[in-house]
There are 2 protein chains.
Amino acid sequence: MKEKVELSDEALEMIAGRFRQMADPVRLKILYTLGDGEMNVTDLVKATGAGQANVSKHLGTLLNAEIVARRKDGLNAIYRVSDETIFKLCEVVCSSLKTQLKTRHDVLLGL
Amino acid sequence: MKEKVELSDEALEMIAGRFRQMADPVRLKILYTLGDGEMNVTDLVKATGAGQANVSKHLGTLLNAEIVARRKDGLNAIYRVSDETIFKLCEVVCSSLKTQLKTRHDVLLGL
DNA sequence: CGTAAATATCACTATACAGTAATATAGTGA
DNA sequence: TCACTATATTACTGTATAGTGATATTTACG
């Protein structure tokens with residue numbers, strides 16, 4: 001008897017949506033930067049090298065997806081990662097990519 | 001002293017690319033289906049309800065990303081998952097989404 | 001107040017890509 | 001060889017979204 005995991009189309013759409021949040025290098029850069037601790041938008045703009053409007057928009061989608069959280073301090077909007085599982089995701093992806101690259105490298109050496 | 005993980009733009013692009021592969025509900029459906037064992041394209045088309053050209057194209061990108069592997073058997077092209085880490089990714093995402101939904105639900109109940 | 005700074009939003013352009021119908025390609029069997 | 005089946009590819013359309021300049025909004029401070 002198989003352990004059949006039947007997922008509804010709606011569930012698949014939600015899962016895909018989460019992956020979509022992670023599928024942009026600028027958002028990843030923002031998230032990695034926030035991994036060192038909370039930060040305001042201006043500093044995130046400097047750290048990522050992206051435009052202010054762009055960073056703000058990315059933060060908006062991440063906030064909407066509840067991947068980051070926001071607090072206000074005077075003029076500043078200070079963001080932090082609110083869902084630490086994203087780092088686990090990146091970790092798994094990185095190790096997989098490393099394995100792939102290593103395999104490809106070995107193949108090039110004829111082994 | 002901080003454990004500083006500095007990733008190059010190229011690395012970020014690769015990671016984002018892997019997430020992009022997972023960011024489509026049809027591809028997820030294909031992968032989940034292949035989780036039960038290898039399958040040819042025709043059966044995948046039936047299982048997913050997507051069009052043949054569409055499934056074939058998705059399989060092409062997954063193959064290119066080395067997430068699935070392919071073998072030929074006569075007329076059939078038989079695909080299988082070649083990178084099991086994708087299931088770990090889905091698992092992490094699912095548990096995160098469940099937590100989010102539960103929290104949102106509790107908030108609605110005023111707690 | 002008026003000004004400046006930080007952030008968000010708007011309007012727009014450009015690009016990537018999912019879906020699909022039609023066609024091409026390759027293997028199978030009569 | 002011809003007809004049939006499975007898969008891949010091509011050409012095209014539509015949609016989503018990243019990036020950006022300009023503007024709006026909010027808050028602090030003189």
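How many nonpolar, polar and charged residues does the surface near DNA strand D have? By class, there are nine nonpolar, 10 polar and five charged ones; here Ala, Val, Leu, Ile, Met, Phe, Trp, Tyr, Cys and Pro count as nonpolar, Asp, Glu, Lys and Arg as charged, and the others, Gly among them, as polar.

A word on the model itself. This is a predicted model, in which local features need pLDDT of at least 70 and side-chain atom pairs count only at pLDDT 80 or more, while totals for chains, interfaces and linings use all residues. Residues are numbered from 1 along each chain as its sequence is written, and chains are lettered from A and ligands numbered from 1 in the order in which they are written.

Staying with DNA strand D, 24 residues sit around it, and A:Ala53, B:Asn40, B:Val41, B:Thr42 and B:Ala53 come nearest (a residue is near a strand if its C-beta atom, placed from the backbone, lies within 6 Å of it). Two or more residues each come from H4 of chain A and from helix H3 (41–48), H4 and strand E3 (76–81) of chain B, with H4(B) giving the most, six residues. Helices (H or I, at least four residues) and strands (E, at least two) are DSSP runs, numbered from the N terminus.

DNA strand C is likewise surrounded by 24 residues, the closest being A:Asn40, A:Val41, A:Thr42, A:Ala53 and B:Ala53. On this surface the largest share, six residues, is supplied by H4(A).

Now for the protein–protein side. Chain A puts 32 residues into the contact and chain B 32 residues, where two residues are in contact if their C-beta atoms, placed from the backbone, lie within 7 Å. On the chain A side, helix H1 (9–22), helix H2 (25–34) and H5 give two or more residues each, and the classes come to 18 nonpolar, three polar and 11 charged.

One helix pair shows up here: H5 (residues 85–108) of chain A packs on H1 (residues 9–22) of chain B at about 105 degrees, axes 10 Å apart. Axes are lines fitted to C-alpha atoms, for helices over the stretch in contact, and angles run from 0 to 180 degrees between N-to-C directions. That makes H5(A) roughly perpendicular to H1(B) (65 to 115 degrees). A:Cys90, A:Val93, A:Cys94 and A:Leu97 meet B:Met14, B:Ile15, B:Arg18 and B:Phe19, a set with seven nonpolar, no polar and one charged residue.

Methods:
Parallel < 35°, antiparallel > 145°, perpendicular 65-115°, else oblique.
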